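Keep the structure open beside the text.

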Amino acid sequence: MTPPAAGCRTGLFRTVRKHPAGALKARTVALVGNPNCGKTTLFNALTGLRQRVGNYPGVTVEKKEGRLALQDGIQCTLIDLPGTYSLLASAPDEQIATDILLGRASHTARPDLVVCVVDACNIERSLYLVSQLLDRSVPLVIALNMVDAAERNGITVRLRVLERELGVRVVPTVASKRRGVEELKRVIGQGACAAGKSRQWRLPEPVQRECDELIGLLDEHHQLKGPDAFDEAAALLATDTADLERMVRYDPVLRDHVRRDHQRLEFLGVDRRSVFVEARYQWIRTLCAEAVSQEPRNGDTLTHRIDRIVTHRVWGIVIFAGIMALLFQSIFTWAALPMAWIHDGFDALSLLLTRIIPPGDLRNLLVRGALGGVAAVVTFLPQIILLFLFIGVLEDSGYMARAAFIMDRVMGRVGLHGKSFIPLLSSFACAIPGIMATRTIENSKDRLATMLVAPLMSCSARLPVYTLLIAAFIPARSVLGIFTAAGLTLLSMYGLGLFAALGMAWLFKKTFLKSSVPVFLMELPEYKIPSIRSVLVQVAERAYSFLHRAGTIILGASILLWFLASYPRMDGALPAQRLQHSYAGLAGRFIEPVIRPLGFDWKVGIGLVSSLLQREMFVSTMGTIYNIDNANDEGGQASLRDRMNSDRDPATGLPTFTALTAVCLMVYYVLAMQCLSTVAVMRRETNSWRWPAFQIAYMSALAYGVTFVVYRAGLWLGLGG
Amino acid sequence: MTMTNVQPHTTLANAPLGRAVRITRLHHPRKEIATRLRELGMCENALIRCVLRGNGNMICEVQNMRIGLDNRLAGSIMVTAPEEAGTA
């Protein structure tokens, strides 16, 4: 390996040299790099953690921290920063990275050492960020990642040349295979990790002269020095002359000077806006000409061949629709068997408890309350696993960015750009990461519009509600020989969510979130075979989270609901009467006048209220109250869907649920904001209660209005029977 | 590689498919977009190749990176034939 690099000139370096062993006592090490260069994979390899990775830009939108144990026993905090192309941030996620790197973040101290992850297949672009970090005298190590892919593409990197020219250590790595990780740890632990050679790139002479003058004025009038003064001078020279009038924070003398600079440079024919980037790239190109060589490519790459089909103007949409249809179809067909096993398992447990525990409140509490509520939700675990398996494969393969590319035109019609589609697609899994993924959107109004509509996408918490109602009330009929009515109903619920999200986004963008026409600009990563480990880790985490909720919140709420649905005691009354006069029944009947126009009775009312916390609570609530309602059914032999299907209003003898009621309930759940966690995330991301309050209000009104129309239309069409 | 199909000065939106062209000027009205394009390597004098055209958008190769961009944005990037053939 190449010896330690020269050119260490910062204060940090002096500290390092004072250390007796020559080792860097770095307390905080930050990982930075362009989006999708493998930072999170390297973070996981260095820390042993399991942060989510994906093959599309913008997976990491906030900093993540882990412990890094170096070979000499030194423990460091390793921070994984969101990807950024430059220190001039243009989106909230990039701002987080820049603020931490430059020591501007109030919540995080400036890192003692930065590991810049450079994609070996894209060195030229990555060196732009590296050169900015060098200019800022940031103590730096370069992890040249994905060197195996570079080798396959015929790219040769001369590490010694790079190290010599940059003045920092360059460690080749393949993070996904843990190659080079131990060497990187060793280099991080060495004292040689200091700032490299700054400002090697040269501006044209007249620009440099104006820049130097401005730096002097910034020092004199605003006490700005060093790289801060240079960056400010560069920004002032590149800005529009007309904008100077509005820059009242600057001294008038300085503004006059900048105005004259603009005139002089324009007279000389210098493009002020591009000269800084161009000069930096000029140096990078010269460096790459010496340090990097690439064999000429023969024929089209695999990525290009796949893109030719999946981004085709017709086939692209057909393939996208086909993938979505397969996803929802498989959720029903492939999950059926494991769901039946889980159901049978809970039935067996229920029977066992019924035999062991003597009749009474304790047995009722355990069998009908706790087990009934939890079993109703846990049965849907296979469907949740399948959903996340599909999403994981789509993310890791690189298809997600193509979905955004294909959908750009559709998104453009509602005033958003294709980039908004990834947060919306992520919201199929959960609205919380979806809302956080909007941090990659540069325009604040586009971002807010995307956040406001993201919870309309059908998340995994809605899936148990949909599948319970579909299995119970939608006939098992084949459609076109390959699809089933159940699969298509599920697809249409997801379609309704997407349609509502796009419609509301259009409305918001036409009214109070008007902004300039969005621009689609997005890196499309190479396709790769999804990493089984990465996908399975993600699926396992989601499954654990689902089971954890079932074992904590839902278990607790089921016990509480059992109590509310069982008391006050009415000895001698029929189970249905007891439920009707219980505390829960009273609450359900209290809101019944409000929900009756939607076709819902008081039992559904109990479900709607309990699921304000989280949507899948509806299923556990139904599980609990139908267990209580069917007290004669020992051990839960009949499934919840059978009980709901056979439930009749004691007064009228009419079924409580019909296919129309089921559809109305699903429509309500598609459109209503029934998730407190999403409200909390909206509050955090918008830094105010105003937008979450607005979101709850508009979604509630939309859910009520659309459900009412669907119910009335259904009755008018004679579907209410 | 011959560059006979490239007009002396045209936009990237009209550049021939599969041919390397050189960026001569970015004139997007929004400064932050122009800056982002430059930072992504789509700066003046860079070689770029349009590889696929879709439904109102296109895929280009700059350096070794594939970038998706819409036709309006591509229309703000002026290109010309490079002095000598090369790959983007």
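Two strands count as paired if DSSP finds at least two bridges between them. Strand β2 (residues 20–26) of chain B and strand β3 of chain B meet that test, with 3 bridges in the antiparallel sense. The model is predicted.

**Chain A overall**
- Chain A holds 31 helices and 11 strands.
- Its C-alpha trace spans about 95 × 55 × 55 Å along the principal axes.
- Chain A has 721 residues, and 49% of them count as buried.
- Take the contacts in chain A with a separation of 6 or more: residues 24 or more positions apart account for 72% of them.

- Which strands build the open sheet, and in what order? The order is β11(A)-β5(B)-β4(B)-β3(B)-β2(B)-β6(B)-β1(B).
- That makes an open sheet of 7 strands, and the pairing is antiparallel.
- The edge strands are β11 of chain A and β1 (10–11) of chain B. Each of these pairs on one side only.
- β11(A) joins strand β5 (residues 65–70) of chain B through 4 bridges, in the antiparallel sense.
- Within that pairing, L521(A) stands opposite L69(B) in β5(B).

- Is β3(B) enclosed or open? Strand β3 (residues 47–53) of chain B is largely enclosed by the rest of the structure, because 5 of its 7 residues are buried.
- For a residue, buried means that 20 or more other C-beta atoms lie within 10 Å of its own.
- Toward β2(B), the pairing is antiparallel over 3 bridges. V21(B) has I48(B) of β3(B) as its bridge partner.
- Toward strand β4 (residues 57–62) of chain B, β3(B) runs antiparallel and has 5 bridges.
- Two partners in β4(B) can be named here. C50(B) is bridged to C60(B), and I48(B) is bridged to V62(B).
- β3(B) and β4(B) form a hairpin with 3 residues between the strands. There, G56(B) takes a positive phi near 90°.
- In a regular strand, side chains alternate between the two faces of the sheet.

**Contact between chains A and B**
- 32 residues of chain A are in contact with 31 residues of chain B.
- On the chain A side, α4 (123–135), α11 (272–291), α12 (302–310), α17 (399–413) and β11 (521–524) each supply at least two residues.
- Which of these elements gives the most? It is α11(A), with 5 residues.
- By class, the chain A side divides into 12 nonpolar, 9 polar and 11 charged residues.

**Helix pair α25 and α26 of chain A**
- Helix α25 (residues 583–595) and helix α26 (residues 602–610) of chain A have axes that come within 7 Å. The axes cross at roughly 100°.
- Residues on the α25(A) side include A584(A), G588(A), I591(A) and I595(A). Those on the α26(A) side include W602(A), V604(A), I606(A) and L608(A).
- The contact of α25(A) with α26(A) has 9 nonpolar, 3 polar and 3 charged residues.

**Helix pair α21 and α29 of chain A**
- Helix α21 (residues 463–473) and helix α29 (residues 659–671) of chain A have axes that come within 10 Å and cross at roughly 170°.
- α21(A) is therefore roughly antiparallel to α29(A).
- From α21(A), the contact uses V465(A), Y466(A), L469(A), A472(A) and F473(A). From α29(A), it uses A659(A), A662(A), L665(A), M666(A) and Y669(A).
- The contact of α21(A) with α29(A) has 10 nonpolar residues, no polar and no charged ones.

**A closer look at I155 of chain A**
- I155(A) lies in strand β6 (residues 155–157) of chain A.
- Why does I155(A) count as partly exposed? It has 18 other C-beta atoms within 10 Å, and buried needs 20 or more.
- I155(A) touches A120(A), C121(A), A150(A), V292(A) and Q294(A), leaving out residues up to four places away in sequence.
- C121(A) is 34 residues from I155(A) in sequence. Their C-alpha atoms are 7.1 Å apart in space.

How values were computed:
Residues numbered from 1 in each chain as written. Chains lettered and ligands numbered in written order. Predicted model: local features only at pLDDT ≥ 70, side-chain atom pairs only at ≥ 80, totals over all residues. Axes fitted to C-alpha atoms, helices over the stretch in contact; angles between N-to-C directions. Contact = placed C-beta atoms within 7 Å. Nonpolar A, V, L, I, M, F, W, Y, C, P; charged D, E, K, R; others polar. Buried ≥ 20, exposed ≤ 12 C-beta atoms within 10 Å, placed from the backbone. Parallel < 35°, antiparallel > 145°, perpendicular 65-115°, else oblique.
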